[in-house]
Amino acid sequence: MAGKTKTKKKRPLDTRSKMYLVLALCSVMLLVCIAISLALIGAFDSGAGSSTADSGSMVTESGYNKEQNTIDAQAYDATILPTTADAGDSYIEETLFLGDSNTARMYRMFDYCSYDNAIGSVGMSAKSLASFACVQLSTSSSYITMPQAVAKLQPCRVLLTFGTNDLNPSYKTADFIKNYQSGIEAIVAAYPSVDIIVNSIPPIGQQHSNQSLTQTQVDEYNKALVQMCQDKGWKFLNSAEVLKDTATGYAKSGYVEASDGIHLTRTAMEALFTYIRTHSYITEDDRPALTSIPKHTGEKDAAVYTAPVVITEVPAASSAASDSEDEPEPTEEPTEEPTAEPTPEPTAEPTPEPTAAPTPEPTAESTPEPAATPPDTAEGGTDVTTEANTAPEQSTVTGNT
């Protein structure tokens, strides 16, 4: 009976278990498929999200008309520097480059000039040219302004590249020119013998990271700069013409960093410096007899960005100087103090114990213990306190250079 009962139960349960087994397997497979699908969708969404975030961080100007602020080269024939023979490296070396981060990149990241003939302050605007103390020279531990530095460095000419950090929809062109002109006049007042060359503001990329910047305003500012130079008798270097794409009016492809669409790449720098040498401005050297010329040893940036736009390197001779404002320069190693040579411990000479002799002989007084030099004072040396650079004067900067 037990065997028959088993056989009877086995037949109907076997069919059902097959059905249940199939259903269970299908359910498991369905759940696995759903899980995989959800995982894949999540991954795609995550990728799409980061892509959107990246593209969302870049802005594109709408309604730009590249013909709107075209500079009439013929009207400014005596002001815009024409094509010349290549003036060579000596021309670059005799020129002092002043500017913002695109100038800083010329020597801090690339090798088109050096600390000897360039001063760039990241985030600096033209309106702070006369007042922002950002330059450190080997003759002083404190920072001085660029006009003061020009007077001490005594160059043949200066080439100024400012304006990117002045770009802002609310900043009128007339105000920009007024402030820039005041800064340049401060340079001329500080060192009248210097020749002035104003470089055009570099073009930005069609896509860039700062919504305050537009190529329309870059062109408008540049057109006003030529007029300013003509009015003041200064020269204008129209380098934008070699950096711009004639078809779009924006920077040429590969001429600005893809990450921000603002900072010039090495390729752009190569084109820029070729242009500078082949649009030279050489006049009779009427500088007074040169006095001792200090070295440019460091600079203070007007702004610090989370993603660095320059590699902050300083000449070996001045690395300490650029890190500290109050540190005397160059920090000399403390003159070798008579380093308390481990004074030989008075070797306990077996001084004969004064034998009880009635006559007090001038007993060889036990050699006096050398005055214990306090261990700390022996290492006096120079106490160099490195004080971090104070917060930059230009804490709010609209541009990204």
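**Close-ups of a predicted model**

**View 1. Cys-113, with a relative accessibility of 11%, is buried.** Keep in mind that what you're looking at is a predicted model. As for disulfides, a search through the whole structure comes back with zero.

**View 2. Glu-257 and Arg-105 pair up in a salt bridge, with 2.6 Å between the closest N and O atoms.** This one reaches across the chain: Glu-257 sits in the loop between α7 (240-243) and α8 (266-277), while Arg-105 belongs to helix α3 (residues 101-108), and the two are 152 residues apart. How exposed is Glu-257? Its relative accessible area is 26%, so Glu-257 is partly exposed. Arg-105, on the other hand, is buried, at 3% relative accessibility.

**View 3. Here Asp-301 meets Arg-108 in a salt bridge, 2.7 Å from N to O.** Asp-301 comes from the loop between β9 (296-299) and α9 (319-323), and Arg-108 from helix α3, so this contact ties together parts 193 residues apart in sequence. Arg-108 is buried, with a relative accessibility of 3%. Have a look at Glu-299 too: together with Arg-108 and Asp-301, Glu-299 is part of a network of salt bridges.

**View 4. Arg-266 and Asp-111 form a salt bridge whose closest N and O atoms are 3.3 Å apart.** Again the partners come from distant parts of the chain, with Arg-266 in helix α8 and Asp-111 in the loop between α3 and β3 (118-120), 155 residues apart. Is Asp-111 buried or exposed? At 58% relative accessible area, Asp-111 is exposed. Arg-266 is partly exposed, with 39%.

**View 5. Residues 1-6 and 316-398 are stretches where pLDDT stays under 50.** For residues 1-6, the model has zero contacts beyond four places in sequence. Residues 316-398 do have such contacts, 78 of them. Over the chain, the mean pLDDT is 79, and 69% of the residues reach 70 or more.

How values were computed:
Residues numbered from 1 in each chain as written. Predicted model: local features only at pLDDT ≥ 70, side-chain atom pairs only at ≥ 80, totals over all residues. Heavy atoms only, no water. pLDDT = per-residue confidence, 0-100. Contact = heavy atoms within 4.5 Å. Disulfide = S-S within 2.5 Å. Buried < 20%, exposed > 50% of the residue type's maximum accessible area, 1.4 Å probe, protein only. Salt bridge = Lys/Arg side-chain N within 4 Å of Asp/Glu carboxyl O. Helix = DSSP H or I, 4+ residues; strand = E, 2+ residues; numbered from the N terminus.
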